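Subject: Structure for you to look through

Dear colleague,

I am passing on a structure that I would like you to open alongside this message. Please look through it once before reading on.

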Amino acid sequence: MSPFFCWELFIFLKKIVMSTPTISNSVLFNLNNEQLTFSDNTNYSSYGIALTDVNGNLRVTGPSGIFYNNTSWVTPSIVLNTGNTKVVNLPLNTAGDVLAGNYDFVYTVRVNWGFSIYASTGGLGFNVVGNQTAIFTANSDFTIVGGPNAGAYSVISSTYNSLTGLTYILVNESIADPNSLQGSIEIDSDYTNSFTRYFSCTLPVVDIQAEVECDCGQITSTDLTNYGITVDGTYIYPTIARTHVVYPPLSPSTGQRVDGTTTSSSATIILSPIWTNDYITTISSVLTYAYADDFTVIVTVTGSETYTVECTSELCCVYSCLANIFETWKDYKQTNLVRAKEWEAKLIQAYGAWMLYSIAKTCGQSTSAETYLAQIITLAQSSGCTCCTGNSAEPAQVIPICGNVSTSNGSGTGGNVVITTCGNGITVSANTVGITTTYTLCVDEQIIYGIVADYLADNPLSLNDLADVDTTGYGSGSLLRFNGQNWVSVDSISLDQITEFSVSNPLVGQVLTWNGSNWVNQSNTGNIIAIEQNTYTSSGSAVQTLKSVTIPAGTLVQTGDYLDIDCEYLLTSSSTPKRVLVGMTGNDSFTTAWLNTAAIRRTIVSIRFIRVSSTTVRQQYRYDSYNNFGPGYAYPPYGVPVVFSDPTTYAVNNLDIASNTVQFRYDPTVSSTSGSLVNYTIKLFKL
């Protein structure tokens, strides 16, 4: 075989395919962190390009001009061998929102091609495999690495020969050894993808509907938000990742919620059982909008709704008493007509008040309804029945009256259930959930006490009646102590005789502290941070901090530790309103309304700051407003004390490593109107 044919066969075996890549990109706008993510999605391997040989640079122009432009190939925007994305901060308007308008993207890819050298003729150029005329264009530069022809070259022209499958590259420079096949050619080629995308986003407003069904003891919380938006005339509906939460009421006495929170990704939550007082529904939805195949926008929208469950349970508290009046009247009709007439009058009054109460409630006349309810309660109590003594500020579970009542066979149908009361402080109540009804029998404690008292009156007990008590040798002041077998009399005991106590050299003012295994005595480091009682502290006549108390770092060590703050302000009488404030680290957490100090002269504030995390606290507070200040604080309260529990968390300095301050502030509407902080107390409580 001739040398020509051997060389031609060698070319056939070494031929490789390289072609111009088509660049594919996508863009994501994340409005939550106000950043865009630009991605290079090109499948470079299909073009014979290794990721180690390709980088990309990006330029982005927004509605207000270029806000990102990288032209350095030393530190390119995207190094494809390590990742295919670039994150850039989006431009914002003065309101802090991402600018709406056209965004122009220019993305340039630089590919470092590598080619083997094949023998050339004439000594004026080089051969490479395949049609590479689009890469080796006139005036482009390339480099030969290795061999006698190593160095930089400039292209005059390139020509593809379809018979040989080679591209001949004519160069300006002289070639030392045109027949050498040593070394390889490296050349950089740039490819650009330019496109424009329009961004405009009017965020949907969260719409929450809460329906309370008192008869069935049920709340339906529904997300009615229309999450679709119209962009440049096109309606877009997103994919939704929803967090739907319903918070039950808080108990003023415990500061805790009466039931657990309910969380769902569904648009609708149905709750049962329910309680009276305030519920809160919150919606947080992460929305993903596909503006185009290669343009996506992510945003989170939130909303909340507070609503009050006001299911009428007032008549329930007098039900047994009214039933007792009715049953007593029936009994007297059989035995004593005179007494029956007396109870009939009470029954008629109760029925009349009940009808007026029901009509007032139906017509929305709450004040009138309460008046008639008070009459019913008074009538019931005058008949010797105790009722309606609960704390109305506390949430009460709503007793449902709808649904099926479960019968003995558990089917929920085919039977009648009658609930009766025998009076004398014995009541029966029912709670129906689904097809199951639970009956609760209650006996007034006075009845139990009476039964026990009657028995003990006839059968008095002494300690010696108990088998494990030995009172031998007891005298005045003796104590009972268990010796492992019996309770025996002793004259006294000391703390050291109690296993869990370890007291050593006690000093005045020391306290007992639990160290994990025993109660030990140690110095009182003090739960009271600062205290000034009935002492004139500071006054002012302009907006100012009257007193600032440092809360040392690490004071509130763990979640749940809290500060209780009580303070009293005196306000001069004037026609200009003013207010007093208490806050921590610059947050005026509690504030009264603007006070008319022609009437209100003294305000007492109680507030509790509770550690939620190392950098946040939440609060509960109440205030009392009093009339003109007089000796001994003899004047009555002005209105009813108001108690608040605020779910908001307030940012503070890091409680573990930085100090904070409790601030007592004063704010008049005009200068020279004075107010004074008379006294304050700050107490620290640790879990």
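Below are some notes on what was found.

This is a predicted model, in which local features need a pLDDT of at least 70 and side-chain atom pairs count only at pLDDT 80 or more, while totals for chains, interfaces and linings use all residues. Residues are numbered from 1 along each chain as its sequence is written, and side-chain values use heavy atoms, with hydrogens and water left out.

Confidence comes first. The mean pLDDT (the predictor's confidence in each residue, from 0 to 100) is 80 for the protein, and 81% of its residues reach 70 or more. Over residues 1-17, however, the pLDDT is below 50, and it is also below 50 over residues 404-423. Where pLDDT is low, the predicted coordinates should not be read in detail.

As for the overall build, the protein has five helices and 40 strands, which are DSSP runs numbered from the N terminus (helices are H or I, at least four residues; strands are E, at least two). Of the 687 residues, 34% are buried, where buried means under 20% relative accessible area, exposed means over 50%, and partly exposed lies in between (1.4 Å probe, protein chains only).

Strand E36 (residues 602-613) runs antiparallel to E37 and is joined to it by eleven bridges (two strands pair if DSSP finds at least two bridges between them), and a hairpin of two residues connects E36 to E37. Within this pairing, Val605 has Tyr623 in E37 as its bridge partner.

The search of the whole structure also found nine salt bridges, each being a side-chain nitrogen of Lys or Arg within 4 Å of a carboxyl oxygen of Asp or Glu. One of them joins Glu568 to Arg602, with the closest N and O atoms 3.4 Å apart; this pair links distant parts of the chain, since Glu568 lies in strand E33 (residues 562-571) and Arg602 in strand E36, 34 residues apart. Glu568 counts as buried because its relative accessibility is 5%, and Arg602 counts as buried at 4%.

Another salt bridge is formed by Arg242 and Asp223, whose closest N and O atoms are 2.9 Å apart, and both of these residues are buried.

Best wishes

Technical notes
Contact = heavy atoms within 4.5 Å.
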